[in-house]
Amino acid sequence: MLSIQGLEVRYGAIQALRRIDLELAAGEIVAVIGSNGAGKTTLLQSILGLVRPDKGVITFDGKPITQLSASRTANLGISLVPEGREVFGTLTVLENLRLGLKNKIGSTSKEQFERELASIYERFPRLYERRDQQAMTLSGGEQQMLVLSRAMISKPKLLLLDEPSLGLAPIIVSDIFASIQELAKGGTAVLLVEQMAHKALSIASRGYVIDNGRVAFQGKSSDLLQDQRMIKAYLGVH
Amino acid sequence: MNSFLQLGLRYRGTAAVTSAAIIVALLAACPWLMDTYYLNLLFMIGTFVITCTGMNLLIGYCGIVSIGHAGLMATGAYVSSYLSTQAGLSFWVVALAGMLMSLVIGSLIAIPTIKAGGVYLSMITIAFGVVIHEVLIRWDAFTGGPLGISGIPKPELGGYRFDLKSMYLLVLAVSVLVLVLIRNLRRSAWGRAMIATKENEIAAASLGIRKFAVQYAGFAFSAVLAGLSGAIYAHANSFISPDTYHFQTSVQLVLIVILGGAGTVLGPVVGATILVFLPELLQMEKLRMALYGGIMFAVLFFLPKGIVGTAGQLLGRKIRGYAKTGPSPARERNSETPQLFAHASSSGAVMLELNGIHKHFGGLHALKDVSFSVATGAVHSLVGPNGAGKTTLLNVISGLYSANQGTLSLRGKSLNPRSLSDVTMLGIARTFQHSRLFKELTVLENVMVGMAGRRRVGFAHALLHTPKQRRDERVMEERAHLLLDLIGYEGDRDMPASQLPYGHQRMVEIARALATEPDLLLLDEPAAGMTAAEIGQLEQLLRKLTAYGLTIILIEHHMDFVQRISDTVTVLDFGKVIGTGKPEEMLTDPRVIQAYLGAEEVAAGA
């Protein structure tokens, strides 16, 4: 589904990413782990086309997308949920969710949308309670639920998630991770950037650890969870 | 490596001063090299530079777009001309009078409208410019009506009467002086406070910066410069009429600033040079407005930061004048933090007491009868589901919202009613759930902004870069470095905050909050987006802070972190307090598990 080879990105004198190779199959969840400033967000941005890579090739569904702009890649079915809750503040919760359909390929029938909506409301009853409220009046965590739901309703082929657990109550984090798993079962490939490494690896099949712009190591989630380097830097003592 | 960098920086500084001196010397030689026509154009550029440097302060630093400054130039020009033609007073006296009157009238516009801000302020300035123009045409007795005032004498000094050449030199000297003053201001606590207020009013107010004081100072100074420029122009030209101070002139002033680059010291020079020369070169006096419109389009499309701003970006160096705050290479790392937190109070006593707090937003009852007290020196955590009202409560404590009902007291003294900046001065500081660092400022400057509320020298000291200002600046820089050491920030401190990775932004925001010298620190999800190792560092930091006697209120969703760090936990749900107690009691409470943690989390944590 997604294949990245030799990706390099520089910002002026700073080399943000160096020779990144990464593979992601349809229906697979892959975690990207690393400390702040390691280059994780840059990686997501260059896949979507918000950042122009200096070297390397990104292919999606067999087609090269390295030089495409973000609106083009979005139309191909790639969706990014950025860090920091970008809701449309003066629109209501329901209107925000409707916008999720905007960039969907093909069209969705009304019944289909209602069904999607119902499943979202079931997962996040908070959004149902607040469906007619302006999105900016939601609390931080509720906005995060909204942004995620908006991306999920568009049923992307590739979902790029930047810190979906940010600012969410533990019980909601579990819900969100469950929804991500469900989405992947439906065939969506998910690239999951997450600081809660333990949780991320528990739903991902594989993980990449990025340090200083490089892939420091990678492997199956089960192996990474046992890796001493991982435990020390990213998993913490449990 | 680092010392090479330092050397390069210093060399660059000297090179900049040297090249500036050479350019000024060349400009000073112009009267003997050029004919009157070009000298006149240069003189015009100078008068624009004086006005537009003030406008730049307003647009670039304060974020206020005035489209009526031609009216303030007219005030300076007419008042000074009237006094010198009717009362025969010397230029030096009447110029001062013109500046004063411009200050008075500028204040009359600014004082009632700064609070409204933004578009409203711009509309008021447009109205002002239009009204002044009408007044100039109709108030015959004072302004000479449409014919204006003629026969304005040239300035005299000790028997010497100025001619075009010496007027030009006068304008050159004043322009250079004004540019130096603005550069000083940008590198002072005032400049930082202005940019902070422009970027994020709430964050700035939370650091104790009063928007009104800062923006009024900017408006007043720009009014004085407009008045001065008007007086100089009138006495060089010996004739003024309402035509000079048309609405178009105000637009032209704004265009000069934007074309050159708002917020860059040299922007107005570049902008004025282009806008004065271009119509002359193209011989298109009649199409002047169309030309301006075209330029405005082009700039906004291709050079949103203006010529100097964009060039600065391309060259990779900051002509913008980021304060040269480079740490001296030999600066020693202090593991101790002397006098960073001077007024820490004795532990055990009650720091903050909340009693029956209610907060409504329309029909939404966000906080219901919230009461608890926070002990001095404790870490008191607020946990609860998303939307439970945790951040709302933090906003009530920090003064961003006022409670509909209930009382708050800090160290036994009532906290209501008060403004955001007052609360900061009383010793409460906060961070935001979303980093609200000031992106245009460097990391170090961001921390220094935190001191602007308590330690800001007078405006005149900042403009003149007096020894007192320099001393103050050194002290603030040193303190800022100590705070960054304390939070363990190892990165580049002269980097614009916009380039910081998210996790570092959170840490720097804590340093900035600490710079206000708080007794009580409110942290809204500081560990969000941090790795386990980084959370470990945060934990160390919080322990250090409580050891210094600080009290901390913490909103956080990382439960193991909350469990380790907290002395007390208060759980909120649906705006109500479910309970307050020790972390091990609260986090095992069945109601908390059901509403907030979920059974799975408890199983995993065990």
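## Ground rules

Residues count from 1 along each chain as its sequence is written, and chains are lettered from A, with ligands numbered from 1, in the order in which they are written. Because the model is predicted, local features need pLDDT of at least 70 and side-chain atom pairs count only at pLDDT 80 or more, while totals for chains, interfaces and linings use all residues; side-chain values use heavy atoms, with hydrogens and water left out.

## The six-stranded sheet of chain A

Let's start with chain A. Helices and strands here are DSSP runs numbered from the N terminus (helices are H or I with at least four residues, strands are E with at least two). Six strands of chain A line up as β6-β7-β8-β3-β9-β10 in an open sheet with mixed pairing. Its edges are β6 (78-81) and β10 (214-220) of chain A; each has a single partner strand, so one side of each has no neighbour in the sheet. On average, neighbouring strands of this sheet are turned by 15 degrees against each other, direction ignored. Axes are lines fitted to C-alpha atoms (for helices, over the stretch in contact), and angles run from 0 to 180 degrees between N-to-C directions.

Pairing takes at least two DSSP bridges between two strands. Helix α1 (residues 40-48) of chain A lies across β3, β6, β7, β8 and β9 of chain A, at about 150 degrees to β7(A). Helix α10 (residues 228-235) of chain A lies across β3, β9 and β10 of chain A, at about 65 degrees to β9(A).

## A hairpin in chain A

Strands β1 (residues 2-11) and β2 (residues 14-24) of chain A run antiparallel and share seven bridges. A:Y11 has A:I14 in β2(A) as its bridge partner. Two residues lie between the strands of this hairpin, and A:G12 takes a positive phi near 55 degrees.

Over in chain B, five of the five residues of strand β12 (residues 551-555) are buried, so the strand is largely enclosed by the rest of the structure. Buried means under 20% relative accessible area, exposed means over 50%, and partly exposed is in between (1.4 Å probe, protein chains only). B:T551, B:I553 and B:I555 point one way from β12(B), while B:I552 and B:L554 point the other way.

What pairs with β12(B) in the parallel sense over four bridges? That is strand β7 (residues 379-383) of chain B, where B:S381 has B:L554 as its bridge partner. Together β11(B), helix α21 (residues 532-547) of chain B and β12(B) make a right-handed β-α-β unit (with the strands pointing away from the viewer, the path from the first strand over the helix to the second runs clockwise).

Strand β8 (residues 405-410) of chain B pairs with β9(B) over two bridges in the antiparallel sense, with B:L410 facing B:K413 as its bridge partner.

B:N395 lies in helix α15 (residues 390-398) of chain B and is buried, with a relative accessible area of 7%. Leaving out residues up to four places away in sequence, B:N395 touches B:L400, B:Y401 and B:R430 (contact means heavy atoms within 4.5 Å).

## Cores and annotated spans

The largest nonpolar core has 97 residues, and B:L185, B:I232, B:I240 and B:Y245 touch the most other members. A second, separate core of 58 residues includes A:F177, A:L224, B:V569 and B:L597. Such a core is a set of buried Ala, Val, Leu, Ile, Met, Phe, Trp, Tyr and Cys residues joined through side-chain atoms within 4.5 Å.

An unreviewed UniProt entry places the feature "transmembrane region" at several spans of chain B, including residues 15-34 and 89-111; UniProt positions follow the numbering used here, feature names are shortened, and annotations may be inferred rather than shown by experiment. Residues 89-111 of chain B are 91% helix and 0% strand, with end C-alpha atoms 31 Å apart.
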